[in-house]
Amino acid sequence: MTGDGDRGRPKKKLKNSAKASHFVEYKELDYAEDFDEETGDRDGEAKKRDFTKLELKLDHSNRPLWACSDGRIFLETFSPLYKQAYDFLIAIAEPVCRPESMHEYNLTPHSLYAAVSVGLETETIVNVLNKLSKTKLPKEMIDFIHGSTANYGKVKLVLKKNRYFIESPFPEVLKKLLKDDVINKARISSEENRAGEAFSISKAPGEINTHSGLLDGVDLAAVAEEKEIHSFEVDPSQVESVKQRCLPNALNYPMLEEYDFRNDTVNPDLNMELKPQAQPRPYQEKSLSKMFGNGRARSGIIVLPCGAGKSLVGVSAACRIKKSCLCLATNAVSVDQWAFQFKLWSTIRDDQICRFTSDNKEKFRGNTGVVVTTYNMVAFGGKRSEDSEKIIEEIRNREWGLLLMDEVHVVPAHMFRKVISITKSHCKLGLTATLVREDERITDLNFLIGPKLYEANWLDLVKGGFIANVQCAEVWCPMTKEFFAEYLKKENSKKKQALYVMNPNKFRACEFLIRFHEQQRGDKIIVFADNLFALTAYAMRLRKPMIYGATSHQERTRILEAFKHSPDVNTIFLSKVGDNSIDIPEANVIIQISSHAGSRRQEAQRLGRILRAKGRPQDRMAGGKEEYNAFFYSLVSTDTQEMYYSTKRQQFLIDQGYSFKVITSLPPLDSGPELSLYHLNEQLDLLNKVLSAGDDAVGLEQLEEDADDIALLKARRTVGSMSALSGASGMVYMEYNTGHGKKKVAKIKPKDPSKRHSLFKKRFG
Amino acid sequence: MPQVRIVAKNFMDMVAALPTMRLDKLYESIFICEAVLRKKETSYKMNPKFQSNMRKYLLHGGVLPRVSMPLGVTVRLPTLEDLESYAQKQWERFLLQLINSAQAERLLNFSSSMIRVFQRGLLSSRENEDPRLTENGFQFLLMETNAQLWYIIREYITTSEDRGVDPADLISFLLELSFHSLGEAYNMNSLTDVQSKAIEDLADFGVVKLQQGRKESWFIPTKLATNLSVSLSDSSSRKQGFVVVETNFRMYAYSTSKLHSEILRLFSRIEYQLPNLIVGAITKESLYTAFENGITSDQIISFLQQNAHPRVAERLPTVPENVTDQIRLWETDRNRVEMTPSHLYEDFPSKDVFETASDFAREVGGLLWEDSQKMRLIVRGELHQQMRDFLRRSK
């Protein structure tokens, strides 16, 4: 039996949207990876599962969850044991959806791998799960847990005093490993036990009990402490091949990597501390405790929503390890952002941190420090300038205490492999906001970086006031008769998108929303459009500034400054460049007029632009005057493809507990010529423009990476490789979190309809 | 299809509405006195026969319906809880069979023709199709148990003549039954032929439980029996809600009942069935099936609201707004197409004929569409005769 994670995922189809046979190799990643997938496991199959035969325990009402033999787990959030059960489930299972009353999780081999790697043992998982379950645990599930954890987490690769050791509490496993030729050759036998199979034995470091309060924490702690650890040393030059041999496709004992940084006397310490004002929030604290649970540093991935303060987690981790740190970001702007974050939160001296981008080649001084650069800079295989070559040499030769990787979900696997093989690091920490799980890349991430250490619940963070409470709405704009007639014609198949984006009703709805938010609420608005033709047409007609791929750096800065500071510039139009490299903390309204097909991630990332909590915490709480102070509108033309995509795009957010209101009455029926395109002749004029524009002009914007070495060497045109065709090459994404250390105000907010924004009260009224 | 109004009124109101002949017969039963006396607020003019019986009743006091059997004879009588769950289960089984569920175990002694009688108005069947629940049927399922039972008993009584049973006999027996003590055993051999036939049917409804001893057999009235003649409003204990609907359109029903799962299946996709939880999703497809069966969005929404689990019942709104909105939107989405029966006219011999025809159609207000290039017309169906006459004339 396999878990849900492996269940019949639709295979990705290759979509070649730009019909040319030549490709700009380093184009932006373009979200193509979740283009054609189904919205989730559960949509594909309607068959119901009957587990009525499971035996209910007598006191089932006191227990918080049901577990089914296919790996699905249902958790009641109103149970008194919810908090403990949540912490436990998030450690052992993948969240499927987490709305208000009932959460669903899936047990998968990956999630169990993550569980054992943070120190949970097979028996503990089964026991705790059994205690929390309302029914007797199905036998299949117990078998599945045993099967999945039999090999995982048994072997650790530990770097101690710059010597690599393979550790395990199970000598028989080590013996099995040593039967493998590669591993046997890599072994360095010490003098005293050259004679036989004997391993050096030591006491395991006690697990600092991170699950305290979880029913009986006693069990957990006891198991961890009694174990004796057997180990043998391996040749540092052979470590990579030993790791390879241990992967699931070979010996299947994937090694967990731990770094005993306290006992590392070879690498010099970096003197930096968190500043006193840097107070990690409870969930940040928790994610760090998963990473440093046993006093060593574990490699793995931490998942926090946009705006929840991922960078503070990264900086805190670096401050604990106190060794040289290599921080990888997705582009030059985000490099600046990270450097700024390090200086903001830690006591690091300016001369200990340097940025390395195509524009900014700061030299590394001293024997320790933090280097911030992009994946591309490190992985780039072509010819470099002399300066860059020197710095890269420096990076290659150094032994890094921490390899901090931002936005791991967008970086292709081959890039990771390259980066990880180029740089020597003791511990790897990946950060991301949206781990879209159907993505097969999760396998790569699991074994290249490490398991998922922690994942926060979006709704809990909203309730805690850590991220903004966003009101999401889908605005239905009926196509006008004339546009719809053209939309249906076969000869316009390439113009479909332009036609539904330029739908006059959509335009009017957009104009109405901009006016409403600018004039009545004094909000700052971002309008997103992927379609360049539409972007230009909208921005010109509404006389608003716009930024797209070709906008120069100076121009961008000028527009963004004006948006931030000028009371006259309250709306800007952004193409998809705004998804990633532009940080606009002031904005609190997003209007999306066109988007990239069914990409759930783009939707989540765009929402992330306005997630950063604004205003005073007390205003954001239940009953506060600003209960909803951020708005996300997605404008869709009814009866077009857009409707279908829209449903798909929202899935990720809906699974996090967000709900999309449907608004059908925008602009209001009584609105007349005060909004544009009121008269039929204006509409027909627009229609003509759309129809007479070339097919290229109305297509999607293609972006080139513009801010580092690669672009300076000019995008080379090559015949598209499979990975390029599928969109799996190139760079992408970023978003910023400057968690401003908002005070936690824990209080649950019931939704008060009277606090609702007037637009939402209107519907059906 | 016969129009059936679902009346869930009081037993006594129904009795009062019977024709005189039937009433006369009924007044021979003493239990009618007892029942009438219990109802204080309304007064009735006394029928002579009734009057004399009444006098008898007042002079000699009430008569116990039937003496319950001594404990020695009836071993292993069910506890009241057992009896209640038996009644509930039995009723549910009956309902499942009634709505033709695949889940139903065919154990009832009702003939299929009898079941069809009960289904009248609740299910509709188109040709070559499995019968489907009608709007009334859905409403019926959403009613409270006593009201449902009432509806069925009504049908049972009104059709009794077809089975050669006098309705009055049946009514007086049902009345009598309601005076029996809950949970006591009564000997079967005290029943008349009509009654013992009826008692078997009633056992199928869960109104009584039948048991067989070594020599004797007996019936035990359940709560359904004692509630029969009591006004419905008294007995409608508020049932606890069990459904939680989430903003992501997922639905969790705390229920062990197959019937609940059948009801939910009418408009949602059931994905998991756990010992005490049913997990489903409200999808566009599942709702479209419901709409096609004549179930309305309002019915679905009010069902979800009325049966909201106590955990979400105090929350406002109990069913997330985006879900209720979406259910309504999906329904209105289906109503965008209007059907007009009409006729297509083509192959006009000449442009002139075409144009005079289309002018005529416009004049009489029946022109729906025209394509002058291909010379085609679509005109409202009801004007076909006029059109034909016109075209014949213009030849």
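1. Starting in chain A: three bridges tie S3(A) to strand S4 (residues 72-76) of chain A, and the two run antiparallel. Helices (H or I, at least four residues) and strands (E, at least two) are DSSP runs, numbered from the N terminus, and two strands count as paired if DSSP finds at least two bridges between them. Within S4(A), Ile73(A) is the bridge partner of Ala67(A).

2. A word on provenance: this is a predicted model, where local features need pLDDT of at least 70 and side-chain atom pairs count only at pLDDT 80 or more, while totals for chains, interfaces and linings use all residues. Residues are numbered from 1 along each chain as its sequence is written, and chains are lettered from A and ligands numbered from 1 in the order in which they are written.

3. Back to that sheet. The order is S3-S4-S6-S5 (chain A), an open sheet of four strands with antiparallel pairing. Strand S3 (65-67) and strand S5 (94-97) of chain A sit at the edges with a single partner strand each, so one side of each has no neighbour in the sheet. The twist averages 25° from one strand to the next; angles run from 0 to 180 degrees between N-to-C directions, and axes are lines fitted to C-alpha atoms, for helices over the stretch in contact. Helix H2 (residues 82-92) of chain A packs on the sheet, touching S3, S4, S5 and strand S6 (102-106) of chain A, and its direction makes about 155° with that of S4(A).

4. Next, a helix pair. The axes of helix H11 (residues 310-321) and helix H12 (residues 332-345), both of chain A, come within 10 Å and cross at roughly 65°. That makes H11(A) roughly perpendicular to H12(A), the label used for 65 to 115 degrees (under 35 is roughly parallel, over 145 roughly antiparallel, the rest oblique). From H11(A) the contact takes Ser311(A), Leu312(A) and Val315(A), and from H12(A) it takes Trp338(A), Gln341(A), Phe342(A) and Trp345(A). Contact here means C-beta atoms, placed from the backbone, within 7 Å. By class, five of these residues are nonpolar, two polar and none charged. For the classes, Ala, Val, Leu, Ile, Met, Phe, Trp, Tyr, Cys and Pro count as nonpolar, Asp, Glu, Lys and Arg as charged, and the others, Gly among them, as polar.

5. Strand S27 (residues 589-592) of chain A is worth a look. Val589(A) and Ile591(A) point one way, Ile590(A) and Gln592(A) the other, and all are buried (20 or more other C-beta atoms within 10 Å of the residue's own, all placed from the backbone; 12 or fewer is exposed, in between partly exposed).

6. Now the interface: 26 residues from chain B meet 31 residues from chain A. S8(B) gives the most to the chain B side, with six residues. That side divides into twelve nonpolar, six polar and eight charged residues. Two bridges also join strand S2 (residues 49-50) of chain A to S8(B), running parallel, with Asp50(A) opposite Gln273(B).

7. Finally, chain B has an open sheet of three strands, ordered S10-S12-S11, with antiparallel pairing. Its twist averages 10° from one strand to the next. Four bridges join S10(B) to strand S12 (residues 376-380) of chain B, and Ser342(B) stands opposite Arg380(B).

Conventions
Two residues are in contact if their C-beta atoms, placed from the backbone, lie within 7 Å.
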